[in-house]
Each structure stands twice: as C-alpha cells, then as structure tokens.
Amino acid sequence: MRSEGSSMRHAAIIGWGAYAPPAVLSNDDLASVIDTNDEWITTRSGIKERRISHVTNSDMATAAARHALAAANLDAGDMDLIIVATCSPDRAVPSVAAYVQRELGGLGATMDINAACSGFVYALSVANGMIAAGTADRALVIGAERLSSFLDLEDRTTAVLFGDGAGAVVVEATDGPEGVLSSNLHSDGSLTEILTIRGAGTEGVFAADVPTTVDMEGREVFRNAVTRMGEGAVVAIDNAGLEVDDIDVLISHQANIRIIDATAKRLNVDPENVYTNIHAYGNTSAASIPIALSEAVDQGVVKPGSLVAMVAFGGGLTWGAAIVRWGDRVERLRTTDSRLPGTDKTGLELLADRVQGLGL
Ligand code: ACO
C-alpha cells in the first residue's frame, strides 16, 4: 500500500507519551530459571532486561494515552478516533481502544489493529488516511502490548526476547510541512508460520489442545526483516519525494540490535540519531516504536523539524515504514502526574505461575 506526501491535509504528531511497567525482569533473572545467560542474550539481541506488567494491556494503553493527551493539552473528548495497535488485547471484544475510551471519555470511533510488531506504523498510517480523507480531525494512536501473557518459559529461544509496555501519540489535521509525509505498508502472507502466537485465538475449536506459545523461526524472521524493512523505508522515503540521506532520526521497531544497526546502515543514519532502548525493554511489539519515539523526543534526539523514519516488521509477515517531519514543538504543553497503582513484585514473581510450572 502506498500513500504519498503532499501539502494536502494530513496528520501531524502533536502529543506523545509512554508507560513502562515498573517490574523488571533481567537476563540474570531469566538465567536463574531457564537454560540461558546474559552473554548469549546480549550479544544475539542487545536485550539486557524487559518489563513485566502487573496491570492489563488497556491499563497500560490508557496510561500512555494520558501522557500523550497532556503533551498536546487535549482531552480524549477531542478525539474523533482512538486506534490501538496490539496483538495481545485484554479480550476479543471489546477492543483495547474501547477500554481506553471508557477510562478517558469521548464518543469518537474506536478500533484495534493487529499487524503484530508493525502495528503502530499501520495504525499511524490508517489515522493519517482518515485525516486526509476528512473523516477525522484528531486521533489518538496507541501501541500497547502485554506479550508476557504469551511467554513460554520452556522455550528459551523466544522467552528471552519479549516484554510489556505502551506508547501513544496524538495526531491532528494540518496542511503544513510537518506530519506524516508518506507511509509504505506490506505483508507476505506466505510467511504466516515463521512467526506466530498460538493458543490465544479460536483455533482451539478445531484442535483438541492448543497451548499458548510463541513460535518463531528466528533466522528466517531475521533475514526477511533486514531486507524487507530496509526496502519499505526506501520506498516510503521516495514516496515523500526525499532522499535516503535526508533522514535525520531512525526510530526502528526494537526487536534485535543487529537488525536496527543493519537498517541504520542502509539508511545512512549516524549512530547518535538512531534511538534504541531495546536493552531496557526488549521487544514490546507494537508498543516499541511509540515508546522509543516518546523517549527520543523527550531526550532531544528528535529536534524541531527533524525528519523521522519509523520502520517496523512483525508477524504476518508484515512490514512498513512511515516518514514523519516533526513540527516546531518538542516540549510537552502539559504533563500529568497520573499514575497506575504500583507493585511490590519483581518481574520474576509476576511470572511465578509459569516458573512453578517448570518445577522450580
Ligand atoms: N540462551 C542460550 N542459547 C540459546 C538461546 C538462549 N535464550 N536461544 C537459543 N539458543 C541457542 C540455540 O539452541 C542454538 O544452539 P545450537 O547451535 O547448539 O543449536 C544457538 O543458540 C543459536 O541459535 P539461533 O536461533 O541460530 O541464534 P541466532 O543467532 O539466529 O539468534 C535470534 C536468535 C536472536 C532470535 C535471532 O534469530 C533474531 O533476532 N531473529 C529475529 C527475531 C525477531 O526479530 N523477532 C521479533 C519479531 S516481531 C513480532 O512480530 C513478534
């Protein structure tokens, strides 16, 4: 799918925020219960620790949304649309987006999008399209995941990779130079089985026992991710009428530091302009780009007028890129001290039922 940038009506990002659950699960914590070690995880993926949520996906999504709305000095009642990118919703129905609206108010449209780890780029592109079409003026676009619910600690090849969290942006219609200039979304359905989460859908109706597992052919995903994500970014940059060398900041899906480095090289982005936080959060799927974006703005990596490339890949196999010109403002108009109830538990304790399942 192709969309082109122009001076016509499109979406600009005017608010940003994130929520990281407080409970940390370190590589050493994992090594204390499964056959792995910090050195293997760090060198293969770049991950040092991840967060394990003590609250629901929609609680995290709501917390991130509160911060993004405050940054824009708007209320949920101002939103024509709430989209949550997620593959780990609280329930099949209603959507996480509807729960966010229940907590924050408003009567705009609500929906979830599942494009696995590419979900946020897809959701931003959909919001941009609805704004361009005139069906919305403002939207809350959230990426939120609670992948710890699906972790199978008996599978060390996937258990070490994933974590929980949420990030959000508020977008508003503009015909100015800032905002979403282009996006490029794709999927190769012939690759559905190289990355899949079983046991969380309705296929159990057709099979006696479908345990919840994350199944991944890591090397195949890696190979496809490096190629496809780079290609998608180059096409999106071209669609925006720009050159690869114009990109100032790379915000990649945080799945593997080696994949991020390869993409940065392809897009010729200096290391200091590649924002990474995979060491702290692991792979938070659709939440990873909005969390990284929010931190990159707050830490001054995204500057007024920066040209930002957001690139992602995930189960499907999906991939996509969005090219965004940041506006003049990198300060939050308001902040909120809204907090979720904390937890005294460690990440490992929150996973205790699974650990007990291993007889430890
Ligand atoms: N600890 C220690 N050893 C391990 C672990 C572990 N946690 N996991 C696997 N190993 C072992 C394997 O058993 C294997 O041993 P062997 O050679 O004796 O058989 C060895 O390490 C190498 O395993 P590989 O899978 O070949 O390792 P690779 O270098 O490919 O790295 C990784 C694995 C990190 C998963 C990599 O392939 C990768 O990052 N792939 C992309 C994955 C990804 O990005 N997934 C997110 C998709 S986003 C979404 O939509 C959810």
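Guide: Gladly! Contact between helices means heavy atoms within 4.5 Å, and helices (H or I, at least four residues) and strands (E, at least two) are DSSP runs numbered from the N terminus. This is a predicted model, where local features need pLDDT of at least 70, side-chain atom pairs count only at pLDDT 80 or more, and totals for chains, interfaces and linings use all residues. Residues are numbered from 1 along each chain as its sequence is written, and side-chain values use heavy atoms, with hydrogens and water left out.

Visitor: Which residues of helix 8 meet helix 7?

Guide: On the helix 7 side, the residues include Phe222, Met229 and Ile237. The contact divides into ten nonpolar, three polar and three charged residues (Ala, Val, Leu, Ile, Met, Phe, Trp, Tyr, Cys and Pro count as nonpolar, Asp, Glu, Lys and Arg as charged, the others, Gly among them, as polar). The partners in helix 8 are Arg258, Ile259, Ala262, Thr263, Arg266 and Leu267.

Visitor: At what angle do helix 7 and helix 8 pack?

Guide: Axes are lines fitted to C-alpha atoms, for helices over the stretch in contact, and angles run from 0 to 180 degrees between N-to-C directions. The axes of helix 7 and helix 8 are 10 Å apart. Their packing angle is about 35°.

Visitor: Which helix gives the most to the shell around the ligand?

Guide: The ligand is surrounded by 26 residues, each with a heavy atom within 4 Å of it. Helix 2 (38–45), helix 6 (156–159), helix 7 (218–239), helix 8 (257–267) and strand 13 (307–314) each supply at least two of the shell residues. With four residues, the one that gives the most is helix 7.

Visitor: How much of the ligand does the protein bury?

Guide: Polar contacts here are pairs of N or O atoms within 3.5 Å. A side-chain N or O atom of Thr36 is 2.6 Å from a ligand nitrogen, and a backbone N or O atom of Gly315 lies 2.8 Å from a ligand oxygen. Taken alone, the ligand exposes 1,000 Å² (Shrake-Rupley method, 1.4 Å probe), and the protein buries 76% of that.

Visitor: Which residue does a cis peptide bond join to Gly316?

Guide: The omega of this bond is about -5°.

Definitions and conventions: A polar contact is a pair of N or O atoms within 3.5 Å; within protein, one must be able to donate a hydrogen and the other to accept it, and residues adjacent in sequence count only if both atoms are side-chain atoms.
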